[in-house]
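Dear colleague,

Please find below the structure that I am handing over to you.

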Amino acid sequence: MYRVASPSEYLVITGAGIDDIKLAKKGWILPGQSYIIFDMSPVNYTFEVQAMSIEKLPFMLPAVFTIGPRIDDMPSLHKYAKLISLHDKLSTHVKELVQGIIEGETRVLSASMTMEEVFRGTKEFKQEVFEKVQLELNQFGLLIYNANVKQLVDVPGHEYFSYLGQKTQMEAANQAKVDVAEARKKGKIGSKEREGLTLQNAAKIDAETKIYATKRAGEGMMAEIKVKAEVKVYENVREAEVAEANAELAKKKAKWGKEAHVAEVEAVKAVALRDAELQTEVERMNALTRTEKLKAEFLSKANVEYETKVQEANWELYNKQKAAEAILYLREKEAEAQKAIAEAELYACQQVADGEFYAKKKEAEGLMALGQAQGAYLCNLWDAVGGNYAAMRDFMMINGSIFPEIAKINADAVCGLQPKISIWTNGGGEGGRNGAMKEVAGVYKMLPPLFKTVHDQTGMLPPAWMGTLPNSGSNN
């Protein structure tokens with residue numbers, strides 16, 4: 001949208017495409033941009049600034065300032081647009097800002113001037129206030145178009161200007177009295193002069209001596225009147241001066257009495273304060289002396305104890321170092337001996353291990369050779385018995401002393417028992433088929449009754465590879 005400002009206004013545009021702000025009298029407001037319009041018309045600000053002179057006399061300074069933006073300087077307009085334009089010119093914020101600057105500069109300036117300088121140099125005072133306030137307003141882009149400082153006014157309770165006016169009135173009244181006395185003097189002298197002239201003209205024929213006497217009398221009276229008038233004037237002036245001097249003397253006496261009383265109180269307080277300070281200093285010095293004495297005593301004791309402890313500690317450290325060195329040397333030697341012993345034991349163990357390994361190796365080789373021999377032996381035995389397993393088994397048991405061991409176990413088992421004796425027979429005779437195995441067969445025939453007896457006595461059964469017992473009531 002397109003916006004146009006009035007002659008006393010400016011557009012402030014900011015937003016997209018604008019780095020800072022843009023001031024214009026007219027322009028397009030694009031999307032993403034915002035604007036405000038501010039008025040450049042100056043505004044009157046009326047203040048009553050309360051200040052104080054260098055004599056600490058307060059007074060009121062009524063002033064009217066016409067302030068507005070500086071329209072002939074674009075940087076100042078930028079400052080005004082950034083800092084002030086968002087606020088109404090008549091708002092409390094702007095008024096307090098301007099008033100704060102004016103009051104601050106006025107008070108600083110008045111504090112460096114006497115009341116008489118402020119009163120008599122109103123024009124110069126106004127100019128200095130104007131310049132200093134303008135210097136502060138430059139940072140806001142503001143310009144003072146007009147400044148009107150009114151007559152100084154007394155602060156309630158401090159009637160300096162009233163007293164000053166009364167003093168002026170009294171001086172004027174006294175001067176009027178002097179002027180009246182002077183006029184009276186001139187009137188009386190003129191009257192006498194006219195009378196003298198009339199008498200002179202009327203008695204011109206009188207004797208010169210009478211004329212001279214009359215003239216001298218007139219001159220004496222005139223001189224007397226003049227002297228009396230002058231004395232009266234002088235008395236009036238002196239009375240006024242005495243009254244003023246008495247008033248000033250009373251003021252000064254009151255001031256001096258106050259200052260004397262304050263000085264006396266300050267002197268008493270200063271003496272008491274100095275006495276307290278000196279007493280404090282004495283106590284501090286005493287405490288410092290005692291402290292230093294105690295420090296010296298404790299420091300001496302501490303130094304002696306420290307040196308003693310240091311010597312003892314050095315001696316103990318030396319003894320401990322030597323003991324530690326001896327222990328370290330002993331440990332090193334023990335470690336070296338243990339290392340040598342360990343190396344010897346390791347060597348011996350290695351030798352023993354090597355010997356055991358060699359023995360085991362030879363034993364294994366022997367067992368292997370024995371196994372191979374036994375295998376060959378069993379192959380030969382198998383071939384010798386013609387592949388008969390029972391014959392080979394019986395031979396192996398006999399050869400391995402199995403039967404005596406079984407008989408011994410059985411005997412140990414039935415030792416102390418009361419066995420039942422059973423007689424077995426298998427009906428065999430000497431006419432057996434294999435005569436060479438008669439005795440072996442006889443031993444084998446003894447086994448069934450033996451197993452039966454063991455079973456009856458202990459409840460144990462023979463292993464399955466040796467045979468099984470027949471059922472109860474049958475004979476084998």
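The largest cavity has a volume of about 50 Å³. A cavity here is a set of points on a 1 Å grid over the protein atoms alone where a 1.4 Å probe fits but cannot get out, and lining residues have an atom within 4 Å of a point; points are joined across faces, edges and corners, and a volume is the space filled by probe spheres set on them. The model is predicted: local features need pLDDT of at least 70 and side-chain atom pairs pLDDT 80 or more, while totals for chains, interfaces and linings use all residues. Residues are numbered from 1 along each chain as its sequence is written, and side-chain values use heavy atoms, without hydrogens and water.

Two cavities of 30 Å³ or more were found. The lining of the largest cavity includes R393, F403, Y444 and W465. Helix 7 (residues 389–399) supplies the largest share of that lining, three residues; helices are DSSP runs (H or I, at least four residues) numbered from the N terminus.

The whole structure holds five salt bridges (a side-chain nitrogen of Lys or Arg within 4 Å of a carboxyl oxygen of Asp or Glu). Among them, R284 pairs with E281, the closest N and O atoms being 2.4 Å apart. K333 forms another with E336, at 3.7 Å between the closest N and O atoms; both residues lie in helix 6, three residues apart, about one turn of the helix.

Yours sincerely

Key:
1 Å grid on protein atoms, 1.4 Å probe; cavity = no way out; pocket = protein on both sides within 12 Å on 5 of 7 lines; lining within 4 Å. Helix = DSSP H or I, 4+ residues; strand = E, 2+ residues; numbered from the N terminus.
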